[in-house]
Amino acid sequence: MSTLQHSMEPNVGASQLINLDSSDSHTETKIKIHSVEVETSTSPILPEFHGVMVDHEDIRVEPLLNDDGGISVTWEDLWVTVSDIKGRRKRIVQGLTGYAHPGEVLAVMGPSGCGKTTLLDALAGRLGANTRHTGDILINGRKQALAYGTSAYVTQDETLIATLTVIEAVYYSAQFQLPNSMSKSEKKEIAEITIQEMGLHDCMNTRIGGWGTKGLSGGQRRRVSICIEILTRPKLLFLDEPTSGLDSAASYYVMSRITQLEQREGRTIIAAIHQPSSEVFELFDNLCLLSLGRVVYFGPASATNEFFTSNGFIYPTLRNPSDQFLRMINTDFNEDIEHGSTGKVAKEEVINILVTSYNSSDSHQRVKRQVSDICRKGGGSLETSRSHASFFTQCLVLTKRSSVNMSRDVGYYWLRLAIYVTLAVSLGTLYYDVGTSYSSIQPRGALLMFIASFLTFMAIGGFPSFVEDMKVFEVESCSV
């Protein structure tokens with residue numbers, strides 16, 4: 001046993017565990033590597049490797065279920081429909097089955113309109129009022145709601161306050177997300193650590209910026225959004241197009257930071273991603289490929305090429321695999337695809353071939369077995385609730401943040417103040433010494449009517465800022 005343990009330790013991380021129980025007639029070995037349990041069963045007559053009898057045919061890989069409090073998510077026969085203006089139901093997602101394990105990154109890929117965001121919304125419980133879903137969505141093998149702080153959702157649209165700096169945006173969010181039992185210094189420390197984890201320490205005091213104001217780059221703003229969502233250290237993280245609008249280098253750095261957190265803390269990460277580079281694609285553990293709301297492939301990302309090749313779709317080497325996959329299943333453009341020796345086939349036929357092949361493949365059966373095993377073994381119960389800042393604390397923090405925002409917004413605050421002062425001086429000059437006789441009643445009425453009309457028009461000018469604040473409120477109300 002000592003020989004085996006010594007020979008395998010260099011390949012096993014600090015968080016991994018090896019248990020060996022040996023006897024003269026039979027040897028069982030269990031190896032826990034992150035969130036995967038590899039169970040081998042051997043007999044004495046088999047070849048010996050590093051002191052252990054191993055049979056390649058007798059190896060089973062099973063998910064390790066939440067010994068560290070992680071979250072496993074499964075969905076089976078998931079359908080999502082939405083009603084159109086005529087009241088008819090339109091299918092967005094059709095019969096999806098899959099899973100996500102702790103310590104792994106599941107990438108959901110597909111062309112625009114294939115149902116990536118809808119799948120994430122369904123799993124996170126954020127579907128709209130006109131949307132219905134059927135099928136089973138289970139957390140750790142049972143139906144249970146995701147309590148506050150156990151999950152986070154980074155939306156595709158960035159809803160950040162442009163006038164705040166990075167540290168201010170994250171610290172204000174920490175003040176009303178984290179509980180009152182934590183001191184301000186502890187909250188600020190958590191905010192700074194989170195910023196450093198996402199590689200933003202060099203721009204902590206830089207304003208976020210937005211339309212008309214220079215600030216952070218697109219990749220940095222995306223990482224700020226992620227920082228705000230992971231303050232509570234959620235065990236389940238949803239990312240909707242985290243690399244949208246970024247160049248290949250920025251996309252890689254954003255996703256590599258996320259995968260580092262996943263590997264270190266054992267989070268379950270489900271990311272809908274549009275078209276990753278080859279370097280980003282290599283960071284994914286599993287891949288769910290969608291087209292027209294149907295599953296084209298679900299399984300290890302490294303085995304996707306083998307799946308397409310086995311169905312007669314071969315792409316040139318030294319090219320980004322995700323580019324070729326998405327080109328084959330994108331139905332927005334009428335372009336025939338080469339299919340083995342049969343020549344070119346239409347896109348709809350390509351998708352039908354791939355969907356039919358996947359549904360009858362061993363990969364699909366393995367996914368079903370994984371889902372069944374997770375549901376059968378279950379997992380730890382989630383926390384029913386986590387405390388956050390009290391209502392009074394949230395009001396104080398939001399009032400302070402709003403004051404800082406308005407004081408830095410020249411168009412919203414200072415320009416309006418200058419207009420009011422100018423108006424007051426002008427009207428005071430025009431109506432100076434109007435008198436107190438009966439003849440002064442009409443000028444006074446005209447003055448009051450002018451002031452009321454002007455204030456009404458000036459109030460309408462504040463609606464753009466109000467709309468931006470409502471977007472921030474919408475996102476934060478889902479997190480708190």
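**Note on a predicted protein model**

1. Among contacts in the protein between residues at least 6 apart in sequence, 69% join residues at least 24 apart; a contact means heavy atoms within 4.5 Å. This is a predicted model, in which local features need pLDDT of at least 70 and side-chain atom pairs count only at pLDDT 80 or more, while totals for chains, interfaces and linings use all residues. Residues are numbered from 1 along each chain as its sequence is written, and side-chain values use heavy atoms, with hydrogens and water left out.

2. The secondary structure comes to 15 helices and 17 strands. Helices (H or I, at least four residues) and strands (E, at least two) are DSSP runs, numbered from the N terminus. Of the 480 residues in the protein, 43% are buried. Here buried means under 20% relative accessible area, exposed means over 50%, and partly exposed lies in between (1.4 Å probe, protein chains only). The accessible surface of the protein is about 25,600 Å², and carbon and sulfur atoms account for 54% of that surface. Accessible areas come from the Shrake-Rupley method with a 1.4 Å probe; for residues, only the protein chains shown count as cover.

3. An open sheet is formed by 3 strands in the order β8-β7-β10, with antiparallel pairing; two strands pair if DSSP finds at least two bridges between them. The strands β8 (89-100) and β10 (131-139) stand at the edges and have a single partner strand each, so one side of each is left without a neighbour in the sheet. On average, neighbouring strands of this sheet are turned by 10° against each other, direction ignored. Axes are lines fitted to C-alpha atoms, for helices over the stretch in contact, and angles run from 0 to 180 degrees between N-to-C directions.

4. Strand β7 (residues 73-83) runs antiparallel to β10 and is joined to β10 by 8 bridges. The reader may locate Trp75, whose bridge partner in β10 is Ile137. Helix α2 (residues 116-124) packs on the sheet and touches β7, β8 and β10, its direction making about 115° with that of β7. Helix α11 (residues 362-377) also packs on the sheet and touches β7, β8 and β10; the direction of α11 makes about 70° with that of β8.

5. The structure holds 9 salt bridges. A salt bridge is a side-chain nitrogen of Lys or Arg within 4 Å of a carboxyl oxygen of Asp or Glu. One of them pairs Lys143 with Asp136, the closest N and O atoms being 3.7 Å apart. Lys143 counts as exposed because its relative accessibility is 61%, whereas Asp136 is partly exposed, with a relative accessible area of 34%.

6. The side chains of Arg221 and Glu158 meet in a salt bridge at 3.2 Å, N to O. This pair links distant parts of the chain, 63 residues apart: Arg221 is in helix α5 (residues 218-229), and Glu158 is in the loop between β11 (151-154) and α3 (166-177). A salt bridge also joins the side chains of Arg222 and Glu158, at 4.0 Å, N to O. Arg222, likewise in helix α5, is 64 residues from Glu158.

7. Arg222 counts as buried because its relative accessibility is 2%. Ser225 is found in helix α5 as well and is buried, with a relative accessible area of 11%. Leaving aside neighbours within four places in sequence, Ser225 is in contact with Val154, Glu158 and Leu160.

8. Tyr358 lies in helix α10 (residues 347-359) and is buried, with a relative accessible area of 2%. Not counting residues up to four places away in sequence, Tyr358 touches Val295, Val296, Tyr297, Phe298, Phe307, Ser363, His364 and Val367. Tyr358 and Tyr297 are 61 residues apart in sequence, yet 6.1 Å apart in space, C-alpha to C-alpha.

9. A nonpolar surface patch of about 720 Å² is made by Phe457, Ile460, Phe463, Phe466, Val467, Met470 and Phe473. Patches are made of residues with over 30% relative accessible area and no salt bridge; like charges are joined within 9 Å, and nonpolar side chains (Val, Leu, Ile, Met, Phe, Trp, Tyr) within 5 Å. Helices α14 (441-460) and α15 (463-479) each supply at least two residues of the patch, and the largest share, 5 residues, comes from α15.
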